[in-house]
Amino acid sequence: MAKDSNRLGQRLTRHGYNAKTLAELLDTKPAEICSFLQGNLTPARTQKLQNSLLAIGIPL
(Lines give C-alpha, C1' and ligand atoms only; values in the text may rest on other atoms or scores of the structure.)
Protein backbone atom coordinates (compact mmCIF):
# COMPACT_ATOMS: atom_id res chain seq x y z
CA MET A 1 0.00 0.00 0.00
CA ALA A 2 2.86 2.40 0.65
CA LYS A 3 3.82 2.53 -3.03
CA ASP A 4 0.24 3.32 -4.05
CA SER A 5 -0.05 5.89 -1.28
CA ASN A 6 3.21 7.48 -2.36
CA ARG A 7 1.90 7.83 -5.90
CA LEU A 8 -1.30 9.31 -4.51
CA GLY A 9 0.70 11.91 -2.60
CA GLN A 10 2.67 12.80 -5.72
CA ARG A 11 -0.50 13.05 -7.80
CA LEU A 12 -2.24 15.26 -5.23
CA THR A 13 0.82 17.50 -4.99
CA ARG A 14 0.88 17.93 -8.78
CA HIS A 15 -2.72 19.11 -8.56
CA GLY A 16 -1.84 21.62 -5.85
CA TYR A 17 -2.94 19.69 -2.77
CA ASN A 18 -0.31 19.48 -0.03
CA ALA A 19 -0.80 18.06 3.47
CA LYS A 20 -1.81 21.42 4.93
CA THR A 21 -4.40 22.08 2.22
CA LEU A 22 -5.88 18.60 2.51
CA ALA A 23 -5.99 18.86 6.30
CA GLU A 24 -7.96 22.11 6.04
CA LEU A 25 -10.37 20.61 3.51
CA LEU A 26 -10.91 17.47 5.58
CA ASP A 27 -10.89 19.20 8.99
CA THR A 28 -8.02 17.11 10.32
CA LYS A 29 -4.38 17.61 11.24
CA PRO A 30 -1.59 17.77 8.64
CA ALA A 31 0.23 14.98 10.51
CA GLU A 32 -2.74 12.67 9.93
CA ILE A 33 -2.71 13.51 6.23
CA CYS A 34 1.01 12.70 6.09
CA SER A 35 0.29 9.36 7.77
CA PHE A 36 -2.52 8.76 5.28
CA LEU A 37 -0.23 9.45 2.33
CA GLN A 38 2.45 7.17 3.80
CA GLY A 39 -0.05 4.36 4.34
CA ASN A 40 0.29 4.39 8.13
CA LEU A 41 -3.37 4.77 9.15
CA THR A 42 -5.81 2.03 10.03
CA PRO A 43 -7.77 0.68 7.09
CA ALA A 44 -11.00 2.17 8.47
CA ARG A 45 -9.51 5.66 8.82
CA THR A 46 -7.85 5.41 5.41
CA GLN A 47 -11.20 4.49 3.84
CA LYS A 48 -12.92 7.38 5.60
CA LEU A 49 -10.37 9.90 4.33
CA GLN A 50 -10.56 8.45 0.80
CA ASN A 51 -14.34 8.74 0.85
CA SER A 52 -14.10 12.31 2.13
CA LEU A 53 -11.69 13.25 -0.66
CA LEU A 54 -14.01 11.78 -3.25
CA ALA A 55 -17.02 13.53 -1.71
CA ILE A 56 -15.39 16.95 -2.06
CA GLY A 57 -14.46 16.23 -5.66
CA ILE A 58 -10.79 15.30 -5.42
CA PRO A 59 -10.20 12.35 -7.73
CA LEU A 60 -8.06 9.52 -6.44
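Biologist: Is Asp27 buried or exposed?
Modeller: This is a predicted model, and Asp27 sits in the loop between α2 (19–26) and α3. A residue counts as exposed when its relative accessible area is over 50%. Asp27 has a relative accessible area of 74%, so Asp27 is exposed.

Biologist: What is the phi of Asp27?
Modeller: Asp27 is a residue other than glycine, yet its phi is positive. The value is near 55°.

Biologist: Thr28 is found in the loop between α2 and α3; is Thr28 buried or exposed?
Modeller: The cut-off for buried is under 20% relative accessible area. Thr28 has a relative accessible area of 17%, so Thr28 is buried.

Biologist: Which residues does Thr28 touch, not counting residues up to four places away in sequence?
Modeller: Thr28 lies in the loop between α2 and α3. Leaving out residues up to four places away in sequence, Thr28 touches Ala23, Ile33 and Arg45.

Biologist: Which residue forms a salt bridge with Arg45?
Modeller: A salt bridge needs a side-chain nitrogen of Lys or Arg within 4 Å of a carboxyl oxygen of Asp or Glu. The closest N and O atoms of the pair are 2.5 Å apart, and the partner of Arg45 is Glu32.

Biologist: How many residues apart are Glu32 and Arg45?
Modeller: Glu32 belongs to helix α3 (residues 30–38), and Arg45 belongs to helix α4 (residues 43–55). The pair therefore links distant parts of the chain, with a separation of 13 residues.

Biologist: What does Arg45 count as, by relative accessibility?
Modeller: The class between buried, under 20%, and exposed, over 50%, is partly exposed. Arg45 has 23% relative accessibility, so Arg45 counts as partly exposed.

Biologist: What pattern does the protein follow along the sequence?
Modeller: The protein has four helices and zero strands. Read along the sequence, the pattern is α-α-α-α.

Biologist: What is the radius of gyration of the protein?
Modeller: For 60 residues the globule rule gives 10 Å, and the protein comes close to that value. The protein is therefore as compact as a globular protein of that length, with a radius of gyration of 10 Å.

Biologist: What share of the residues of the protein count as buried?
Modeller: Thr28 is buried, with a relative accessible area of 17%. Of the 60 residues of the protein, the buried share is 28%.

Biologist: How far apart do the centres of the positive and negative side chains lie?
Modeller: The protein has 8 positive and 4 negative side chains. The centres of the two sets are separated by 6 Å.

Definitions and conventions
Residues numbered from 1 in each chain as written. Predicted model: local features only at pLDDT ≥ 70, side-chain atom pairs only at ≥ 80, totals over all residues. Heavy atoms only, no water. Helix = DSSP H or I, 4+ residues; strand = E, 2+ residues; numbered from the N terminus. Buried < 20%, exposed > 50% of the residue type's maximum accessible area, 1.4 Å probe, protein only. Rg over C-alpha atoms; globule rule 2.2 N^0.38 Å. Lys, Arg positive; Asp, Glu negative; His and termini not counted. Charge placed at Lys NZ, Arg CZ, Asp CG, Glu CD. Contact = heavy atoms within 4.5 Å.
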